[in-house]
Amino acid sequence: MNIYLWIILAALLVDYFLHALSRFLDLKNLSTDLPDEFTDHYSSEEYARSQEYLRENTRFSYFTSSFDLMVILLVIFLGLFNTIDLWLRDFGFSPIISGLIFFGVLFFVQDILGTPFSLYGTFIIEEKFGFNKMTLKTFILDKLKGYLLTLVLGGVFLTAILFFFEKTGEYGWLYAWGIIGLFMILIQPLFTLVIAPMFNKFTPLEKGELRTAIENYAQKVEFPLSRIDVMDGSKRSAKSNAYFSGFGKQKRIALFDTLLEKH
């Protein structure tokens, strides 16, 4: 084996064992005893159930990460990357088209293998603890939307990278680095304006005490807030959450409707 293969294998194994160690430490330090700080907010039963939820998800992640590692190691040692590459070259496509199909095949195979785990996590674990609100129809629609985004955004992104590797030779890595940097910048406004609305409905937070408090705090910490929205998070989950997104002066805070209902 060459040095690059050893480096890749070492990176995969180190990453796997570090994550496994962190999960082991998480499980080891779990306790069903309610901390004093939470006594006025949660019951002992609620806290114990939250710990059991974390325990079950952590154990499930052991299985999924082990499965992923075994699959990637089998693919490497059986030479399947090279097999797919040679198979695609026989069609006589240009290097860029062949590269796009190559990554497309890898993506869909990975997604097919991972879908049963996603279904189990959503409809078994999340359902068991009362979090799941997603229907099978919503799950399938999310998949289709994800495929569309991957086809459009991933296709454009990979085409640019493959083009520069094809045309610029030894400087291809430099152009690829620039493209990745540009993509990381553009993905924030794209997420806010295009991607997020594909999956959820956003409505402006009504005027009132909460909106005023958020706006005042944002002004105090000099956070350039352009929008405060309520997101229909209850469409998929009973969990409460919130996030902010955007770039520059166009930042948005999104509050899950479940957060407003429960807290």
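**A serine and the aromatic pairs**

Analyst: Ser245 is buried, with a relative accessible area of 3%. Please note that this is a predicted model.

User: Where does Ser245 sit?

Analyst: Ser245 belongs to strand S3, which covers residues 242–247.

User: And which side chain does the side chain of Ser245 make a polar contact with?

Analyst: That partner is the side chain of Thr192, at 3.0 Å. Beyond neighbours within four places in sequence, the residues in contact with Ser245 include Gln188, Phe191 and Arg252.

User: Changing topic: how many aromatic pairs are there in the whole structure?

Analyst: The search finds 22 aromatic pairs. One of them is Phe91 with Phe93, a stacked pair with 5.8 Å centre to centre and 15 degrees between the planes. Phe91 is partly exposed at 47% relative accessibility, and Phe93 is partly exposed at 42%.

User: Why is the pair of Phe223 and Phe244 edge-to-face?

Analyst: The planes of Phe223 and Phe244 are at 80 degrees, with the ring centres 5.2 Å apart, so the pair counts as edge-to-face. Phe223 lies in the loop between helix H7 and strand S2 while Phe244 lies in strand S3, so the pair ties together parts 21 residues apart in sequence.

User: Is Phe244 buried or exposed?

Analyst: Phe244 is exposed, with a relative accessible area of 54%, whereas Phe223 is partly exposed at 21%.

User: Which charged end sits over the ring of Phe199?

Analyst: That is the charged end of Lys145, 5.7 Å from the ring centre. Arg23 lies over the face of Tyr62, at 6.0 Å from the ring centre.

Methods:
Residues numbered from 1 in each chain as written. Predicted model: local features only at pLDDT ≥ 70, side-chain atom pairs only at ≥ 80, totals over all residues. Heavy atoms only, no water. Helix = DSSP H or I, 4+ residues; strand = E, 2+ residues; numbered from the N terminus. Buried < 20%, exposed > 50% of the residue type's maximum accessible area, 1.4 Å probe, protein only. Polar contact = N/O pair within 3.5 Å; in protein donor to acceptor, adjacent residues only side chain to side chain. Contact = heavy atoms within 4.5 Å. Phe/Tyr/Trp six-rings, centres within 6.5 Å; stacked < 30°, edge-to-face > 60°. Lys NZ or Arg CZ within 6 Å of the ring centre and 35° of its normal.
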